[in-house]
Amino acid sequence: MKKVLAIVLAALMVVFAFAGCSNGKNADETTTKAAEDAKEKLVMATNAEFPPYEYHEGDAIVGIDAEIAQAIADELGMELVIEDVAFDSIIPGVQAGKYDMGMAGMTVTAEREKSVNFSTSYAKGVQVVIVKDGGSIATLDDVNGKKIGVQTSTTGDIYASGDYGEENITRYDNGAVAVQALLTGKVDCVIIDNEPAKSYVAANEGLKILETAYVEEDYAICFNKDDEELQTKVNAALQKLIADGTVQKIVAKYIKAD
């Protein structure tokens, strides 16, 4: 009888030991999940139609801006959330507090600075002109009087409207649609950033980029003017990532030196 009782007690001890281990593991998992859920979110608005700065790869949004934003969020101990919206909705959304910041290959301009604050510049952009190979446009001077396709509210749109006149501008939701309009003869050229321009030309036979750059510009992150605290935190993280070479490594991953 004593032997049976000893066996039963030993079995119970094993059961309790396993239960204790199981409860400890579940507790650890719960604690970890709670810590992740407690992370403050950093909501970034972008327009994922601008390779290599932001574009879709399956269900994910990837690219230079996405990776730099993730590095900033990691530096700040925050959870990055990326919202894909129309480009011309980014600044109004940041102004309204819907998004914490906007990052979409966005150029710093005097007009935009009236609406939002900007971070330190993290990349240089170049606006170029895409034309049909062998067409009537061979230099920037030839663009005068021609029908120009642009992406709505981009700097290509802003500069071209001022330089060539509103009557010559046709606006599209994204660069791909503008390039399609060029291919079908609806416009004579497209003004857009150099990096997506290279992707569009590579994907569509019969197109080329004019040798002379149209405009050179600085890219930065935009913030609500009333949220200087976040702007300061993000800017400090960005400057650190620039100084330690992280930003340049990310840019070089997507843009190879010619």
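Modeller: Ala, Val, Leu, Ile, Met, Phe, Trp, Tyr, Cys and Pro count as nonpolar, Asp, Glu, Lys and Arg as charged, and the others, Gly among them, as polar.

Biologist: What does the lining of the largest cavity have, by class?

Modeller: Seven nonpolar, seven polar and three charged residues make up that lining. Now some ground rules. This is a predicted model, where local features need pLDDT of at least 70 and side-chain atom pairs count only at pLDDT 80 or more, while totals for chains, interfaces and linings use all residues. Residues are numbered from 1 along each chain as its sequence is written, and side-chain values use heavy atoms, with hydrogens and water left out.

Biologist: What makes an empty space a cavity, and what makes it a pocket?

Modeller: Rolling a probe the size of a water molecule over the atoms shows where empty space is left. On a 1 Å grid over the protein atoms alone, a 1.4 Å probe fits in a cavity but cannot get out; a pocket is an open set of points with protein on both sides within 12 Å along at least five of seven lines. Lining residues have an atom within 4 Å of a point. Points join across faces, edges and corners, and probe spheres set on them fill the volume.

Biologist: How many cavities of 30 Å³ or more does the structure hold?

Modeller: One. The largest cavity has a volume of about 140 Å³. Its lining has 17 residues, and Phe50, Phe87, Gly105, Thr154 and Thr155 are the closest to its centre.

Biologist: Which strand gives the largest share of that lining?

Modeller: β11, with three residues. β11 (189-193) and β13 (215-219) each supply at least two. A strand is a DSSP run of E, at least two residues; a helix is a run of H or I, at least four; both are numbered from the N terminus. By that count, the protein chain has eight helices and 14 strands.

Biologist: Which residues line the largest pocket?

Modeller: Among them are Phe87, Asp88, Ser89, Ile90, Ile91, Pro92 and Gln95. Met106, Glu111, Arg112, Ser115 and Ser153 are also in the lining. Five of the lining residues are nonpolar, four polar and three charged. The space comes to about 160 Å³.

Biologist: Why does Ile250 count as buried?

Modeller: Buried means under 20% relative accessible area, exposed over 50%, and partly exposed in between (1.4 Å probe, protein chains only). Ile250 has 8% relative accessibility, so Ile250 is buried. Ile250 is in helix α8 (residues 246-254). Contact means heavy atoms within 4.5 Å. Leaving aside neighbours within four places in sequence, Ile250 is in contact with Ile64, Glu67 and Ile68.

Biologist: What puts the buried residues on the same side of α3?

Modeller: First, the residues: Phe87, Ile90, Ile91, Gly93 and Val94 are the buried ones of helix α3 (residues 87-95). They cover an arc of only 165° around the axis, so they lie on the same side of α3. That arc is taken from the directions from the helix axis to the C-beta atoms. The buried residues of α3 pack against β1 (41-46), β6 (101-102), β9 (148-151) and β14 (222-223).

Biologist: Is Gly97 buried or exposed, and why?

Modeller: Gly97 has 53% relative accessibility, so Gly97 counts as exposed. Gly97 lies in the loop between α3 and β6. Its phi is positive, near 80°. Gly97 and Phe223 are 126 residues apart in sequence, yet 9.2 Å apart in space, C-alpha to C-alpha.

Biologist: Why does Ser153 count as partly exposed?

Modeller: Its relative accessibility is 29%, so Ser153 falls in the partly exposed class. Ser153 sits in the loop between β9 and α4 (155-164). Most residues other than glycine have a negative phi, and most peptide bonds are trans. Ser153 is not a glycine, and its phi is positive, near 70°.

Biologist: Which residues does a cis peptide bond join?

Modeller: Pro51 and Pro52, with omega about 5°. Pro52 is in the loop between β2 (49-50) and β3 (54-57).
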